[in-house]
Amino acid sequence: MRKVKVAGVGLIPVKEYWEKSIQDLFVDASLIAMKDAGIEDIEKIYVSNMCSAQIQEQLNLAAVMTDFLGKPGIPATRIEASSASGGVAFHEAVQAVASGYSNVVLVTGVEKMSDVLPEIITTSLAMAEEQEYTSYTGVTKAGIAAMIHRLYMESYASPEEICMMAVKSHEHAVGCKHAQYPFKMSLERAMSSPMEADPIHIMECSGIGDGAASIILVPSDGEGVEVAGTAISTDYTNIAQRSNLLEMKAIKTAADKAYNMAGIQSSDVDLAEVQDDFTINGILGIEGLGLTKIGEGAKLVNTQEIDKEGRIPINTFGGLKARGNPIGATGIYQLAEITLQLQNKALGHQVEGARIGLAQNMGGMASICAVNVLRRIN
Amino acid sequence: MSVPRSWRNQIPRYRLLGEMCKSCGAIYFPSRPICKCGSTEFEPYKLVEKGTVVTWTVITNPPLGYEKYTPYVVALVELEDGVKILTQIVDIQVDEISKGMKVEAVFRKVKEDGIDGIIQYGYKFRPVID
């Protein structure tokens, strides 16, 4: 396999773009990445998106987006893996370059959530769960996380300790130009917000936003930011089938494979982006990645160790909670942010001397998880 | 959910009928074609209709079609035979639910007025009255 590097990244701010279409967002982010890479000639396009069928009533996104990018004729593939769409699309894009099949691959994640009312978003996101016996109960994505959150509270941490995941993400987003909510949020404010799905408060959930992020991958020339490891894994979709409800096997399995491919251990990671779409999910992500022991994730987010000067900076641009969570684009935002860190272009968010960073992007209740490890090589 | 999908799920949903792997004894609800042990040989397995609440949540922002029932409790219940099942808990105020609560299966309306006009029925669970 060939080594693969990041040639360019493109981000647009996560917000509500009333005046733009999903195609517009896709093109905006893609053009920024192409300009960043100084590359016009794309050989292959991956589109990552989850909800376009329900929100825009649009499918065949690979062709539609390639058409709007002004590049009809180019091979294109749409990847849907619920909330993990971005991380999985990146994983596939890496393989396209590593295999030698393609030399210049554009992977752009896009989600335009503000086109419909929130109940349609809730319904669409619940499609990450099996429909006939899980969503059938009326449970939502937040509801599944809430049941795990409650078990975690019983075993390991107080509600406030778990909630600090959201407080920290907001703290890290301050000053971030592409973040949807770049301001601090107090623990008291989050804990006094209404319940989304007891015991998860609304302010412990990522919000609804529009966004697109883009990365261009090419064969490595031994300089810049390389893809050191990439892996995905899956688990039983229905939590009732799992033997240990607090162990997210897909996260651990994907992390172990990605670390192995990169020739590193979890202790070698300089910074990480984790999937904090709910506070509990961020904590389970940290634990699954082996950045701390099982049951100690909440304790870790209550320390300064996850700040940019700390032992293992986490969600340095605000994570899903504060940067925003445009579902199918989120995994690409994470990887673009890690790239900026490794390129020493993270401005006020910079982790000094960062060489190895990873993004953990999961869908369902960790029924699928992508872990992608990037490394600065010069 | 469409007519064919509701129709083919009638027996498992109405009777809480799953399957047991003939090779390793693993129980599946809903049933599936291949066991984790690799076997494809199953026999019908009737779930025990009583169990206890392992964990739960209260849904306040529901998916489409569940608005009339809000707020409602969804729980993970461990049945007396050790099988776990996701289900709504009904006949209860949302603040009365607790871990370890004994519950039993009950046949109830689940959802109505979908695009196909189907009134869906199936299992929910309710507290046991001792």
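In the predicted model, 63% of the 378 residues of chain A count as buried. The secondary structure of this chain consists of 13 helices and 11 strands. Its radius of gyration is 19 Å, close to the 21 Å given by the globule rule for 378 residues, so chain A is as compact as a globular protein of that length. Taken along the principal axes, the box filled by the C-alpha atoms of chain A is roughly 55 × 45 × 40 Å.

One helix pair of chain A was examined in detail. Helix α1 (residues 22-37) of chain A packs against helix α3 (residues 61-68) of chain A at an angle of about 65 degrees, and the two axes are 9 Å apart. The crossing of α1(A) and α3(A) is right-handed. On the α1(A) side, the contact is made by Q23(A), F26(A) and V27(A); α3(A) contributes V64(A), M65(A) and F68(A). By class, five residues of this helix contact are nonpolar and one is polar, with no charged residue present.

In chain B, three strands form an open sheet in the order β2-β1-β3, with antiparallel pairing. The edge positions are taken by β2 (27-28) and β3 (42-46) of chain B, each of which pairs on one side only. Strands of a sheet pair through backbone hydrogen bonds, either parallel or antiparallel. Between strand β1 (residues 17-21) of chain B and β3(B), the antiparallel pairing extends over five bridges. In one of the pairings with β3(B), C21(B) has F42(B) as its bridge partner.

The two chains also touch each other. To this contact chain A gives 26 residues and chain B gives 24 residues. On the side of chain B that touches chain A, at least two residues are supplied by each of the strands β4 (50-59), β5 (72-79) and β6 (84-89) of chain B. The class composition of this side of chain B is 15 nonpolar, seven polar and two charged residues.

Key. Residues numbered from 1 in each chain as written. Chains lettered and ligands numbered in written order. Predicted model: local features only at pLDDT ≥ 70, side-chain atom pairs only at ≥ 80, totals over all residues. Helix = DSSP H or I, 4+ residues; strand = E, 2+ residues; numbered from the N terminus. Rg over C-alpha atoms; globule rule 2.2 N^0.38 Å. Buried ≥ 20, exposed ≤ 12 C-beta atoms within 10 Å, placed from the backbone. Contact = placed C-beta atoms within 7 Å. Nonpolar A, V, L, I, M, F, W, Y, C, P; charged D, E, K, R; others polar. Axes fitted to C-alpha atoms, helices over the stretch in contact; angles between N-to-C directions. Left-handed = near helix turned anticlockwise from the far one by under 90°. Pairing = 2+ DSSP bridges.
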